[in-house]
Amino acid sequence: MMRFPNPVFVALDTPDLNNALSLARAVKPYVGGLKVGLEFITALGPDAIRRVAEIGLPVFADVKFHDIPNTVAGASRAIAGLGVAMFNVHASGGEAMMRAAADAIAPWTPRPLLIAVTVLTSLDDAVLEMVGQRAPASEQVERLAALVKKSGLDGVVCSAHELATVRAACGPDFLTIVPGIRPAGAAVGDQKRVMTPKQAVAAGADILVIGRPITAAPDPAEAAKAIAEELGL
Ligand SMILES: O=C(O)c1cc(=O)[nH]c(=O)n1[C@@H]1O[C@H](COP(=O)(O)O)[C@@H](O)[C@H]1O
């Protein structure tokens with residue numbers, strides 16, 4: 001079952017506001033939301049997030065907060081104040097940090113969805129081992145997803161490969177946000193745990209975060225349209 005009428009959130013990974021706005025307007029008919037992340041926010045700041053929100057699609061602020069609980073609580077209040085529909089923290093910041101973020105935004109109406117990144121889709125088991133993380137990615141995602149749920153958050157970012165595990169561990173209402181999406185034949189680039197849009201939705205993804213397969217295409221609107229068609233939207 002699709003929880004969002006169009007699950008595709010396009011990642012506006014650019015330091016140029018005009019680029020981001022014209023890209024967002026071009027793909028608007030074919031996507032369900034807009035994602036701004038570290039490159040956009042660091043280069044352009046909070047006012048630019050408001051400008052993207054004016055386009056009229058839900059905005060996911062991919063801020064990936066990971067700090068001590070008090071700092072993350074303050075940053076969460078600040079990002080909620082920008083009127084975004086959703087933002088994220090790193091689950092590896094731990095339960096107290098995630099609870100601090102959730103408590104900080106609890107009074108907000110409408111309250112943004114609070115999501116935690118489990119294991120980045122650019123990591124595989126070999127890279128995890130190099131940073132001292134000996135459990136395979138799938139096991140670490142399962143462990144962190146259960147902790148995210150226990151901490152009172154709305155869902156996780158994970159790869160499409162862990163969707164069944166997360167669903168089994170966290171139940172049907174827990175949101176799954178899935179980057180590392182690559183249509184058949186698209187360049188994988190720096191991503192490691194990838195899947196096609198159709199396979200990821202069939203595996204139960206609630207939201208697909210898609211950047212370069214749309215934004216680096218010769219015609220981004222056409223690329224977004226082709227993905228919407230692949231999903232039967
Ligand atoms: O939180 C995210 O959005 C995120 C988490 C993750 O594990 N992997 C991941 O790729 N992302 C983001 O999703 C987008 C994927 O972009 P493409 O690889 O260009 O499709 C980027 O903006 C990443 O910052």
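# Reading the labels on this model

Q: Why is Ala24 called buried?
A: Ala24 has 22 other C-beta atoms within 10 Å. A residue is buried if 20 or more other C-beta atoms lie within 10 Å of its own, exposed if 12 or fewer, and partly exposed in between, with C-beta atoms placed from the backbone. Therefore Ala24 is buried.

Q: What kind of model is this, and how are its residues numbered?
A: This is a predicted model, in which local features need pLDDT of at least 70 and side-chain atom pairs count only at pLDDT 80 or more, while totals for chains, interfaces and linings use all residues. Residues are numbered from 1 along each chain as its sequence is written.

Q: Where does Ala24 lie, and which residues does Ala24 contact?
A: Ala24 lies in helix H1 (residues 17–27). Helices (H or I, at least four residues) and strands (E, at least two) are DSSP runs, numbered from the N terminus. Setting aside neighbours within four places in sequence, Ala24 is in contact with Leu12, Leu34, Val52 and Ile55; contact here asks for C-beta atoms, placed from the backbone, within 7 Å. The C-alpha atoms of Ala24 and Ile55 are separated by 7.6 Å, with the two residues 31 apart along the chain.

Q: What makes a set of residues a nonpolar core, and which members touch the most others?
A: A nonpolar core is a set of buried Ala, Val, Leu, Ile, Met, Phe, Trp, Tyr and Cys residues joined through C-beta atoms within 7 Å. The largest one here has 71 residues, and Val10, Leu12, Ala101, Val156, Val178 and Leu208 touch the most other members. Val156, for one, touches residues including Ala91, Ile115, Val148 and Ile177, not counting residues up to four places away in sequence.

Q: Why does Lys64 count as partly exposed?
A: Lys64 has 17 C-beta neighbours inside 10 Å, which falls between the limits for exposed and buried, so Lys64 counts as partly exposed.

Q: What else is recorded or computed for Lys64, and in which strand is Lys64 found?
A: Lys64 is found in strand S3 (residues 59–65). UniProt, in an unreviewed entry, places the feature "active site" at Lys64; UniProt positions follow the numbering used here, feature names are shortened, and annotations may be inferred rather than shown by experiment. Beyond four places in sequence, Lys64 is in contact with Leu38, Asn88, Val89, His90 and Val117. Although not a glycine, Lys64 has a positive phi of about 45 degrees. Most residues other than glycine have a negative phi, and most peptide bonds are trans.

Q: What kind of peptide bond joins Thr109 and Pro110?
A: A cis peptide bond joins them, with omega about -10 degrees. Pro110 is found in the loop between H4 and S5.

Q: How do you know that Asp124 is partly exposed?
A: Asp124 has 15 C-beta neighbours inside 10 Å, a count in the range for partly exposed, so the label applies. Asp124 lies in the loop between strand S5 (113–117) and helix H5 (125–130). Neighbours within four places aside, Asp124 is in contact with Ala137, Lys192 and Arg193.

Q: How is the packing of H3 and H4 described?
A: Helix H3 (residues 69–80) and helix H4 (residues 95–105) pack at an angle of about 35 degrees, with axes 8 Å apart. The axes are lines fitted to C-alpha atoms, for helices over the stretch in contact, and angles run from 0 to 180 degrees between N-to-C directions.

Q: What is the handedness of the crossing of H3 and H4, and which residue classes make the contact?
A: The crossing is right-handed; that term applies if the near helix is turned clockwise from the far one by less than a right angle, and left-handed if anticlockwise. The contact of H3 with H4 divides into 10 nonpolar, two polar and two charged residues. Here Ala, Val, Leu, Ile, Met, Phe, Trp, Tyr, Cys and Pro count as nonpolar, Asp, Glu, Lys and Arg as charged, and the others, Gly among them, as polar.

Notes. Two residues are in contact if their C-beta atoms, placed from the backbone, lie within 7 Å.
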